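Subject: Structure for you to look at

Hello,

Here is the structure I said I would pass on. My notes on it follow below.

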Amino acid sequence: MGRKATLATCSLNQWALDFEGNLERILKSIEIAKAHGAKYRLGPELEICGYGCADHFYESDTLLHSFEVLGKLLESPVTQDIICDVGMPIMHHNVRYNCRVLFLNRKILLIRPKMLMANYGVYRELRWFSPWKHLRQVEEYFLPRIIQEVTGQDTVPFGDCVLSTKDTCIGTEICAELWNPRSPHIQMGLDGVEIFTNSSASHHELRKADLRVDLVRSATIKSGGIYLYANQRGCDGDRVYYDGCAMVAINGDIVAQGAQFSLNDVEVITATLDLEDVRSYRGEICQPNMEIEPKPCYRVKVDFSLSSGDDIYLPTHQPIPLHFHSPEEEISLGPACWLWDYLRRSGQAGFLLPLSGGVDSSSTACIVHSMCVLICQAVEDGNSQVLEDVRRVVADASYRPEHPRDLCSQIFTTCYMASENSSEDTCSRAKGLANQIGSTHMNINIDMAVKGILGIFSVCTGKWPQFRVNGGSHRENLALQNVQARVRMVLAYLFAQLGLWARGKPGGLLVLGSANVDESLTGYFTKYDCSSADINPIGGISKTDLKSFLVYCVEQFQLSALRGILSAPPTAELEPLKDGQVSQTDEADMGLTYSELSVIGRLRKISKCGPFSMFCKLIHTWREALSPAEVAQKVKHFFRMYSMNRHKMTTVTPSYHAESYSPDDNRFDLRPFLYNTRWTWQFRSIDKQIPLLRVPLLVAAAGGASWQGGIKEAPPQAEP
């Protein structure tokens, strides 16, 4: 009958500038697509060079090598008899564009440049690319000589165009264009385009996956059509993890969906769909609107069909139930996959983690354990690439991991760095967790090193600083805490470099950090302490989410040692013990609870609040617990801490990006690091409002607004 089309999309673990590896993965995906009967294959954004090339996009080498890879693809017999849709940077009229290149049987059909750029959050596309602004316009693109020699073509269409086969019409979107209110699929659908494709490099954030699926569904639910979504997967050399989720939808229903987290470098999703289903859907819903489209799409015609004449017995894919991971599962899987990519591509032999027995370092340890679980499962499932990578990491060509604890003992070293201020409780908790996950564990005492450093200071100055409880000043107390923290960092790197050497094994270890997003936000850590590491898998995750994650790990991985860790108050243990017990807690030191910090962090970054607007929001949010004066005190305290410590974010360890309120100074949260910490104008604006708020506040209520009386009022406190 000639109405059913088999289409393929994929998730590829591409690596920036790894042209050889990227080519192999592209070819493998095309080979799998053809084996499943697909006549069209879609790949991720900029898959030839890798999305994360950053300023390497300025280099002519990146453009040259991308065309060289394209030439290899055109020449390969694997790419014959299937429309291939690949992504690469292209310069046209001396302007650089982020493009899709569609080709068939050694001929380039068209080049479609990206029209709506991603230039927010972690994305900076306008730094390297220009958007194509000529709606429905096409120009001639003169191919470079290395491509002309393969295709025999001098020029090809370049611009906002669609592909017309003998049986349907295909239109292209690129990543952010799906998220834009002026998405191209809207106008293309009204002009009769039946298949929409989207090539993405979309990163993982907690609680984001359902938004992506909703956008894909909504793209076809109003005006019908088939939507193919491809995405990159893995760590391609930066702080983000691209989380796959390739999918196919028709008329608002998802009919095929790939994994969000996986160690498979290549995952291909295929679906067979009936083009008549699109036409029937549109015939009832969209007929009046489709007649008034003012300017038709520029169609590039190709003598090729996606369907065949004898497809009556070919079954079509039906809607599937959707599955979304819980935030706890996302924390278990996303950072674990990111760590594995980093480890296998870094050439190192494993990880070293200073394990304090607290929630943060225990969370990092559990993520490494989860990584080992995923690796063992992948090896059991027959993933030869994972097994090859594991053997290279452990430097044993015959090694085969049989259990996650066994693998942990090979690639994961933990160490508890005790001082005279450490408690037996944290030491035993760290040892208990290490035993359960199987890491190689060490107990190290740092007192000798701390006393040696203080001795040098004393010889030079004639002074010996004291803790506050022993009569010392605030400056002495803080300096003594920082010395301990920084000694731990030095020792962590020493053992990471020489630990395996001392055991007669080759290689070095990557040092893992474990500062959470809330502590980074306030600067509640010592600059160049154990938060200074090679990478940090939890640096973009809140303390609240980490606690929930550990609860999940107790049941998922049977790690009963976590129960004691969860029940203990978070503490840095840098001040002397009192009667053998911890006298210092994190929340008391910060002056804010972790739950309060989570709210403040979202207001600062996501809601774009300065001190005054944050105060105006929080007097309502926290009205049941705090008076306006108390809210003002907390807001002022936060902004003082934040501005005093912002300089620490310039040297913070590269962290897995998981939260939309991350304070990462690299690309995501661009702000100064030298502030006027008094915030005189802003704080004065807050102070002016407090006397006016002694009257009841108007609060939102079901069915309208109501006045709430009895707001408690604390006496104003003098600000230091």
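I start with Asn231. Its contacts (heavy atoms within 4.5 Å), leaving aside neighbours within four places in sequence, are Cys10, Ser11, Leu12, Pro44, Ser200, Ala201, Ser202, Arg212, Asp243 and Gly244. Asn231 sits in strand β11, residues 226–234; strands (E, at least two residues) and helices (H or I, at least four) are DSSP runs numbered from the N terminus. With a relative accessible area of 0%, Asn231 is buried; here buried means under 20% relative accessible area, exposed over 50%, and partly exposed in between, with a 1.4 Å probe and protein chains only. Between Asn231 and Pro184 there are 18 Å in space, C-alpha to C-alpha, and 47 residues in sequence.

On provenance: this is a predicted model, in which local features need pLDDT of at least 70 and side-chain atom pairs count only at pLDDT 80 or more, while totals for chains, interfaces and linings use all residues. Residues are numbered from 1 along each chain as its sequence is written, and side-chain values use heavy atoms, with hydrogens and water left out.

Overall

The protein chain has 23 helices and 22 strands. Its radius of gyration is 29 Å, close to the 27 Å that the globule rule gives for 720 residues, so the chain is as compact as a globular protein of that length. That radius is taken over C-alpha atoms, and the rule is 2.2 Å times the number of residues to the power 0.38. The C-alpha trace spans about 90 × 70 × 50 Å along its principal axes. Of the 720 residues, 57% count as buried. Among contacts with a separation of 6 or more, 74% are between residues 24 or more positions apart. The chain exposes about 29,700 Å², of which carbon and sulfur atoms supply 54%; accessible areas come from the Shrake-Rupley method with a 1.4 Å probe, and for residues only the protein chains shown count as cover.

Cores and a surface patch

In soluble globular proteins, nonpolar side chains tend to be buried together. A nonpolar core here is a set of buried Ala, Val, Leu, Ile, Met, Phe, Trp, Tyr and Cys residues joined through side-chain atoms within 4.5 Å. The largest has 62 residues, and the members touching the most others are Phe351 and Met371. Helix α10 (residues 359–380) gives the most to this core, with 11 residues. Beyond four places in sequence, the contacts of Phe351 include Leu339, Leu343, Val368, Met371, Ile411, Phe412, Leu509 and Ile535. Apart from this core lies another, of 53 residues, including Ile30, Cys49, Val69 and Tyr242.

On the surface, Tyr120, Trp179 and Leu211 form a nonpolar patch with about 300 Å² of accessible area together. Patches of this kind are made of residues with over 30% relative accessible area and no salt bridge, with nonpolar side chains (Val, Leu, Ile, Met, Phe, Trp, Tyr) joined within 5 Å; like charges are joined within 9 Å. Trp179 is in the loop between β9 (169–174) and α5 (184–190), and is partly exposed at 33% relative accessibility.

Salt bridges

A salt bridge is a side-chain nitrogen of Lys or Arg within 4 Å of a carboxyl oxygen of Asp or Glu, and by this rule the count comes to 32.

- Asp18 with Arg25: the closest N and O atoms are 3.0 Å apart. Asp18 is partly exposed at 22%, whereas Arg25 is buried at 12%.
- Asp85 with Arg100: the closest N and O atoms are 2.8 Å apart. Asp85 lies in strand β3 (residues 83–92) and Arg100 in strand β4 (residues 95–104), so the pair ties together parts 15 residues apart in sequence. Both residues are buried.
- Asp389 with Arg344: the closest N and O atoms are 2.9 Å apart. This pair links distant parts of the chain, with Asp389 in helix α11 (residues 384–394) and Arg344 in helix α9 (residues 327–346), 45 residues apart. Asp389 is buried at 2%, and Arg344 at 8%.

Asp389 and Arg344 also belong to a network of salt bridges with Asp265, Asp341 and Arg392.

Backbone

Arg207 is not a glycine but has a positive phi of about 70°. Arg207 is in the loop between β10 (195–200) and α6 (209–221), and is partly exposed at 41%. Gln558 likewise has a positive phi, near 55°. The place of Gln558 is the loop between α17 (543–556) and α18 (562–567), where it is exposed at 58%.

Regards
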